[in-house]
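Hi everyone, thanks for having me. Today I'd like to walk you through a few side chains, so please have a look at the picture with me.

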Amino acid sequence: MSTVSAKKFFEAVAMKANRSSEGTKIMREWAGHYNGKVIQFETDIERFYLVVANEKMKVHDGEYPAPDLTFKGSSKLISD
């Protein structure tokens, strides 16, 4: 998996989660009463964040000003 960037890995995860009734249920329960949650990733080669809202997950380029959680590490470490 080290040839796949962390962002590409999470784009695939988002696609599967968005298409799955179990995935949308898990996202709805996880977000709870909040409008959504943001998870940011900062790697050696890219910065991106996931937004989980309205039973959907979407990957965005760049940095979010106030994420709920930030992961920092090498792309290989995050995607493996």
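Let's start with a definition: a charge sits over a ring if NZ of Lys or CZ of Arg is within 6 Å of the ring centre and within 35 degrees of the ring normal. Keep in mind that what you see is a predicted model.

With that, please find K37, in strand β1, which covers residues 37–42. Which ring does the charged end of K37 sit over? The ring belongs to W30, and its centre is 4.7 Å from that charged end. The two residues also meet in another way: a polar atom of the K37 side chain lies 3.2 Å from the backbone oxygen of W30.

Now, does K37 have a partner of opposite charge, or what is the nearest one? K37 is buried and yet has no salt bridge. The nearest side chain of opposite charge is D68, 6.6 Å away. A salt bridge would need a side-chain nitrogen of Lys or Arg within 4 Å of a carboxyl oxygen of Asp or Glu.

Who else is around? Leaving aside residues up to four places away in sequence, K37 touches W30, A31, L50, V51, V52 and D68.

Let's pick A31 from that list. A31 is part of helix α2, residues 21–31. Is A31 buried or exposed? Its relative accessible area is 8%, so A31 is buried; the limit for that word is under 20%. A31 and E55 are 24 residues apart in sequence, while their C-alpha atoms are 8.4 Å apart in space.

Next, rings with rings. A pair of aromatic rings is described by the distance of the centres and the angle of the planes. How many aromatic pairs does the structure hold? There are six. One of them is F9 with F10, an edge-to-face pair with 5.1 Å from centre to centre and 85° between the planes. F9 is partly exposed, at 26% relative accessibility, whereas F10, at 14%, counts as buried.

Another pair is Y49 with Y64: the planes are at 55°, so this pair is tilted, and the ring centres are 5.3 Å apart. Y49 lies in strand β2 and Y64 in the loop between β3 and β4, so the pair ties together parts 15 residues apart in sequence. Y49 is buried, at 13% relative accessibility, and Y64 is partly exposed, at 34%.

Finally, ring pairs link F9, F10, F41, F48 and F71 into a cluster.

Note on methods
Residues numbered from 1 in each chain as written. Predicted model: local features only at pLDDT ≥ 70, side-chain atom pairs only at ≥ 80, totals over all residues. Heavy atoms only, no water. Helix = DSSP H or I, 4+ residues; strand = E, 2+ residues; numbered from the N terminus. Buried < 20%, exposed > 50% of the residue type's maximum accessible area, 1.4 Å probe, protein only. Phe/Tyr/Trp six-rings, centres within 6.5 Å; stacked < 30°, edge-to-face > 60°. Lys, Arg positive; Asp, Glu negative; His and termini not counted. Polar contact = N/O pair within 3.5 Å; in protein donor to acceptor, adjacent residues only side chain to side chain. Contact = heavy atoms within 4.5 Å.
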